[in-house]
Amino acid sequence: MLRFLKYVFATIVGLFLFTILGFFLLVGIAAAVGGSDDQVSLKDNSVLKLDLNRPIAENVSEDENPFKNLGGPFADNTDDVGLVQIREGLKRAAADSHIKGIYLQAHYPMAGYAQLQEVRDALMAFKKSGKFIYSYGEAYSEKGYFVSSVADKIYLNPAGALDFNGISAEITFFKGALDKLDIKPVVFRVGEYKSAVEPFLRESMSDANREQYSSLLNSINNQVMGQIAVSRGVTLADLKKVADELVAFQPKGALNAKLVTDVGYYDEFEAVLKKKVGVASSEKVTFIGLSKFLKAESALPFNDAENKIAVIVAEGTIEGAKASKGNIGSDDFVAELRKARDDKKVKAIVLRIDSPGGSSLASDVMWREVELAKKVKPVIASMGDYAASGGYYMAMAADTIVALPTTITGSIGIFSQFFNFDAFLKNKLGITHDRVNTNAHSDFPTVTREMDDFEKKWFQARTDAGYETFTTKAAQGRHMTVEHLKSLAGGRVWTGEQAKANGLVDILGDLNKAIEIAAKKAKLKGDDYKVRYYPTPKSFFEEFMDKKADEVEAKLMKAQFGEMAGYVKQVQAIKNQEGFMALMPFQIEFK
């Protein structure tokens, strides 16, 4: 038996070493294949191919996937594209004589409307150079068309469709699943609009929640349609009629409504593009992707200024002191903020926040560091898709808050949430518990028994106190009375446009606007500073290893729990939302 175990162990070690050696062999091959990409020479009459059909993040590593030319599973083109890189690429392309225009691919971008607004604004700025933007799509989503509507020519495939019927929000409710799993939520909250807990308590929206999201969606929809109407030269009333009557789903209907300029196949689009660039019909258009273009020598003047404006990116759910990949931990955020505060070359700080909130404790820890930083140098908050609840908590101490009209913000409120897993563990997994206590509440809080009345009152009192802290500090930051601030709070979610009107936001604008304000407050001129983004994005290989670690974790869970792995994963996700939370209902899908 011992010899058998030795063989098994040796086999496992051998497979592990083979996997590691194979990985590094692939790295070497990829480096050889992609080594020529380090120096990119631009050709005349090139067209920048801007592919936005992927997740859009705030900032990403500029490393390309070195395996993609090897084909197979390595050719996956779902890598995130960064807003930082998009803005920089479009700014450089506008100034570069090699680039004649843009071929825009934005059929199904994976981002919120505020992020897409920033992309759209950058494309509008590019057009001021006099260069063209042409778009082709076999189909367009609502968000994809919002971006593509800035193009000079918009081609739609004759067999395609344009999804243009307004915006809806779909909320997923888990009460039925929790009932089947024998998991009982225990919730304490303040504010009738604090709806983050509703998916666990209800099977449909409350009247208050429906009211706030109706207001929210109409605000976003009016912004989106208003900008499309201007770009396409149609009236807002006509545009809303097109949406109501589903006219644009048929390519000819989209053409007649002036939402697209042409209905045609790709070869027809390509022929028009060749003519625009001045390429013979027998030749190919020279396309260059964003990542390669950014490796070419920049046509913009070199900035050797020593002064810096630090943009600290906070993206994801606030998970506490330490956070999982892609989320916000107060320890990491505080470390970056302190470095920027203490760096004498950093003259101002911009907090780029894209978060629906999360841990109330972590939010308060980060708020305190913003308070300390702004005593030393200007601190400006720039809101992305979300800066709500804990995300707003992070922003409210800043000197100035800048949001996009479609940013989702506010949700000033707090809740406490726990789950009683006793019946789930007993009935689904066959696990039971027993206990011995030295005091009345030694095991408090616990997920394996029902809270008694004293414990429930204690938690509600703590939740009420947390809400008073949040609203008092928000009122202080917004220079309002607490009474007036509370009239805007109660967990109510607002768009940036609404928040500007009610005083929760100072200025409507994108990240560039926030940087301009920071420079002005620091008394810096445009050529007297450079912008630096923190933290530094992970490299391709770091992301690759993280992904592999996630896959290993999933396989281990499957091996450990078998068919119950799905249940366990659900339970873990729910358990992450336990405790005192400043979180908006981020499980909302805008369509």
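**Figure 1. Surroundings of N420 in the predicted model.** The backbone nitrogen of D422 lies 3.0 Å from a polar atom of the N420 side chain, and the side chains of N420 and E450 are joined by a polar contact of 3.5 Å; a polar contact is a pair of N or O atoms within 3.5 Å, where within protein one atom must be able to donate a hydrogen and the other to accept it, and residues adjacent in sequence count only if both atoms are side-chain atoms. The model is predicted, with local features requiring pLDDT of at least 70 and side-chain atom pairs counted only at pLDDT 80 or more, while totals for chains, interfaces and linings use all residues. Residues are numbered from 1 along each chain as its sequence is written, and side-chain values use heavy atoms, with hydrogens and water left out. N420 is found in strand β19, residues 415–420, where helices (H or I, at least four residues) and strands (E, at least two) are DSSP runs numbered from the N terminus. With a relative accessible area of 10%, N420 is buried; buried means under 20% relative accessible area, exposed over 50%, and partly exposed in between, with a 1.4 Å probe and protein chains only. Leaving aside neighbours within four places in sequence, N420 is in contact (heavy atoms within 4.5 Å) with D182, I183, K184, V447, T448, R449 and E450.

**Figure 2. The open parallel sheet and its edge strand β10.** Six strands form an open sheet in the order β9-β6-β5-β4-β1-β10, with parallel pairing; two strands pair if DSSP finds at least two bridges between them. The edge strands, each pairing on one side only, are β9 (262–263) and β10 (286–289). Within the sheet, strand β5 (residues 132–140) runs parallel to strand β6 (residues 153–162) and is joined to it by six bridges, and the bridge partner of G137 in β6 is L156. I288 has its place in strand β10 and, at 10% relative accessibility, counts as buried. Not counting residues up to four places away in sequence, I288 touches V40, L42, V47, L48, K49, I99 and F293. The C-alpha atoms of I288 and L50 are separated by 8.6 Å, although these residues are 238 apart along the chain.

**Figure 3. The largest nonpolar core and the contacts of F164.** A nonpolar core is a set of buried Ala, Val, Leu, Ile, Met, Phe, Trp, Tyr and Cys residues joined through side-chain atoms within 4.5 Å. The largest one has 61 residues, of which I102, L104, L123, L162, F164 and L259 touch the most other members. Helix α7 (residues 207–232) contributes the largest share of this core, eight residues. Apart from this core lies another, of 45 residues, among them A395, Y467, A474 and V505. F164 is buried at 1% relative accessibility and, leaving aside neighbours within four places in sequence, is in contact with E142, Y145, M225, I228, L239, V242, A243, A248, F249 and L259.

**Figure 4. F249 in the loop between α8 and α9**. This loop joins helices α8 (236–244) and α9 (251–256), and F249 is partly exposed, with a relative accessible area of 28%. Beyond residues up to four places away in sequence, F249 touches G160, A161, L162, D163, F164 and N165. From C-alpha to C-alpha, F249 and Y140 are 9.5 Å apart in space, while 109 residues separate them in sequence.

**Figure 5. Aromatic pairs with edge-to-face geometry.** Rings of Phe, Tyr and Trp (its six-membered ring) pair if their centres lie within 6.5 Å; planes under 30 degrees apart count as stacked, over 60 as edge-to-face and the rest as tilted. By this rule the count comes to 21 aromatic pairs. The rings of Y145 and F164 have centres 6.0 Å apart and planes at 80 degrees, so this pair is edge-to-face. Y145 lies in helix α4 (residues 142–148) and F164 in the loop between β6 and β7 (169–171), 19 residues apart, so that the pair links distant parts of the chain. Y145 counts as buried at 0% relative accessibility. F444 and F459 form another edge-to-face pair, at 5.3 Å centre to centre with 65 degrees between the planes. Because F444 lies in the loop between α15 (422–429) and α16 (453–478) and F459 in helix α16, this pair ties together parts that are 15 residues apart in sequence. F444 is partly exposed at 22% relative accessibility, whereas F459 is buried at 3%.
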